[in-house]
Amino acid sequence: MFSKLLSTAVRRNLIQPTVARGLPKTFSTAAAAVEPLVEESSGITMKGVKISGRPLYLDMQATSPVDPRVLDAMLPYYLSRYGNPHSRTHLYGWESEQAVESARAQVAALINASPKEIIFTSGATESNNISVKGVLHFYKDKKRHVITTQTEHKCVLDSCRHLQQEGFDITYLPVKSDGLVDLEKLRSEIRPDTGLISVMMVNNEIGVIQPMVEIGKICKEFNVPLHTDAAQALGKIPIDVDKMNISLMSLSGHKIYGPKGIGGLYMRRRPRIRVEPQMNGGGQERGIRSGTVPTPLVVGFGAACELAMKEMEYDDQRIRALQERLLNGIRGKLDGVVVNGSEESRYPGNLNLSFAFVEGESLLMGLKEVAVSSGSACTSASLEPSYVLRALGVEEDMAHTSIRYGIGRFTTEEEIDRAVELTVRQVEKLRELSPLYEMYKDGIDIKSIQWSQH
Amino acid sequence: MYHERVLDHYNNPRNVGSFDKNDPNVGTGLVGAPACGDVMKLQIRVDDETGKIVDACFKTFGCGSAIASSSVATEWVKGKQMEEVVTIKNTEIAKHLSLPPVKLHCSMLAEDAIKAAVKDYEAKRSKSSGSQEATHLEEKAAGA
């Protein structure tokens, strides 16, 4: 019943961003801590930005809404079955434990693993930390070298930096201009003391899918454990830990319409991979991740995985059609639009575009009615162009012009059409303002000009 | 996040456009670099009798603050003498738009663009006529 109400509310917001006034009132306690969202009859004002209604949401790589069916599964574990899953002495504990174990099986099924190989964590960042630092710390006597790529998520790169400070060797593998790993280069970098190869399955900024089966084969050949950050891949593309020869894999709940604050770590049992825990305590989750397992979140994560398994094909077809609609819509009206990253080996829910002669930040400023980002949410506050795009060898001026459109399960055709309309209008407006566009039209090569660098 | 004046100039930029850069009465300043994410082109039209800037226009590739800074710059130079505009400081533009520290370079670029436009006009004048008045003005501009 509640989910029906909620899903209609969700749909309504998605389809008609202007009808947002029906949202439930925030509690006064919450309002005290959070900047109030002022909703006037003329629109919404927040952080000095005035918009006519809630923006349409195209930032699914940052996070996704919770599927109402997921919330349905979670609610009993907040309200009546609130036991600690580690309590052994009463029914509250037993039923929670059962719920956690069935969620573990749901997660495992989605990646063709055994439930015993799933560890619940707070999210992919924690899982990446455990994988990168935990493996090297455990095998530090024999293994001193890690291979990763230049386009990894910050949390993998930062974990590698941390290892470097401890004296480990890290190879940051460059990628090809389409964002994919060069397999021969990867092979040539492997050393006898290489303890881990970490390559993300689907890139968060540009959505390219790495050739995991081939990478897995190389890892098997050299007997090096393979870790992959699959936060953006889980539930969106088929994952088989055996076919891909994956030893460790990081998973996240909130990218697949599950709750925030829950994720998982797949750890292979045969051959067994071992890690040094980052968190010490009560020894939960086989001692890898101490701390009470949050039953409602785990149940939600499990439900989200089961839904993703059932609906992966349907979602993929829908999202693929929407991506085409978006790209064709924009390309039909604008020239100088470049897709960043491979167009073939790509998750269709991610469309990262560069608009020549238009600076990305000013474009985002004009697209306040569309919630998109210029790259990853983690780095969107900095003025630097994306390091992922730079790793692809994208010209620096083009790297300043990128926008990431994230399409998901609840995105509608109307939203895509509106996004096309607003993007085209804004890019045209900014090109009228752009001295670079003027030079381009006058036939002046921008690269021939001696620019004053500063 | 943005001051309302920045939003105003971003949404309704003043004096967008281009003058013929070969016109002897036009000075063009092109500063910044695409790789840095900011390029400003600011142009002035000068009355060669009085040295007064009778019109100004701009085009900018850059963030909202860069667009607003150049839009403000064109407003401020219009109707003023050239000696006067070369004294416009980036800090005045930054203060007017309440730019945060990470955006101060936008206002510096606007100041540079004004100076570059004046310099370009002076260079054109001294080249065509070699008049003493122009050299005089140029010295002033360089000293500012």
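A residue is taken as exposed when its relative accessible area is over 50% and as buried when that area is under 20%. In this predicted model, Asn223(A) has a relative accessible area of 66% and is therefore exposed. Asn223(A) belongs to the loop that connects α8 (212-222) to β9 (226-229) in chain A. Its phi is near 60°, a positive value in a residue other than glycine. A positive phi, near 50°, is also found for Asn245(A), again a residue other than glycine. Asn245(A) is placed in the loop between β9 and β10 (248-252) of chain A; with a relative accessibility of 15%, Asn245(A) counts as buried. A further backbone feature of chain A is the cis peptide bond between Arg270(A) and Pro271(A), for which omega is about -10°. Pro271(A) lies in the loop from β11 to α9 of chain A.

The largest nonpolar core comprises 159 residues. The members that touch the most others are Ile111(A), Phe120(A), Met201(A), Ile239(A), Met249(A), Phe355(A) and Tyr405(A). Helix α9 (residues 295-333) of chain A supplies the largest share of this core, with 14 residues. In soluble globular proteins, nonpolar side chains tend to be buried together. Apart from neighbours within four places in sequence, the contacts of Met249(A) include Ile111(A), Met201(A) and Ile239(A). Met249(A) also contacts His227(A), Thr228(A), Ala230(A) and Val241(A), as well as Gly264(A), Leu265(A) and Tyr266(A).

Strand β5 (residues 118-121) of chain A is covered on both faces. Ile118(A) and Phe120(A) are buried on one side, and Ile119(A) and Thr121(A) are buried on the other. Four bridges connect β5(A) to strand β11 (residues 263-267) of chain A in an antiparallel pairing. Within this pair, Leu265(A) of β11(A) is the residue opposite Ile119(A).

In chain B, three strands form an open sheet with antiparallel pairing and the order β1-β2-β3. Because β1 (26-33) and β3 (52-61) of chain B are edge strands with a single partner each, one side of each has no neighbour in the sheet. On average, and with direction ignored, neighbouring strands of the sheet are turned by 15° against each other. Strand β2 (residues 38-47) of chain B is joined to β3(B) by nine bridges, and the two run antiparallel. One of the residues concerned is Arg45(B), whose bridge partner in β3(B) is Asp55(B). Helix α5 (residues 104-128) of chain B lies across β1 and β2 of that chain and runs at about 145° to β1(B).

Helix α1 (residues 4-11) of chain B has Val6(B), Leu7(B), His9(B) and Tyr10(B) as its buried residues. These residues lie on the same side of α1(B), because the arc they cover around the axis is only 165°. Both chains contribute to the cover over the buried residues of α1(B): it includes α10 (360-366) and α13 (413-433) of chain A, along with α2 (64-77) and α4 (90-97) of chain B.

Over all chains, the structure holds zero disulfides. The cysteine sulfur closest to that of Cys160(A) is in Cys155(A), at 9.8 Å, which is too far for a bond. Cys160(A) is buried, its relative accessible area being 0%. Cys57(B) is likewise in no disulfide, and the nearest cysteine sulfur, that of Cys106(B), is 19 Å away. Cys57(B) has a relative accessibility of 3% and so counts as buried.

Notes:
Residues numbered from 1 in each chain as written. Chains lettered and ligands numbered in written order. Predicted model: local features only at pLDDT ≥ 70, side-chain atom pairs only at ≥ 80, totals over all residues. Heavy atoms only, no water. Core = buried A, V, L, I, M, F, W, Y, C linked by side-chain atoms within 4.5 Å. Buried < 20%, exposed > 50% of the residue type's maximum accessible area, 1.4 Å probe, protein only. Contact = heavy atoms within 4.5 Å. Pairing = 2+ DSSP bridges. Axes fitted to C-alpha atoms, helices over the stretch in contact; angles between N-to-C directions. Arc of directions from axis to C-beta. Disulfide = S-S within 2.5 Å.
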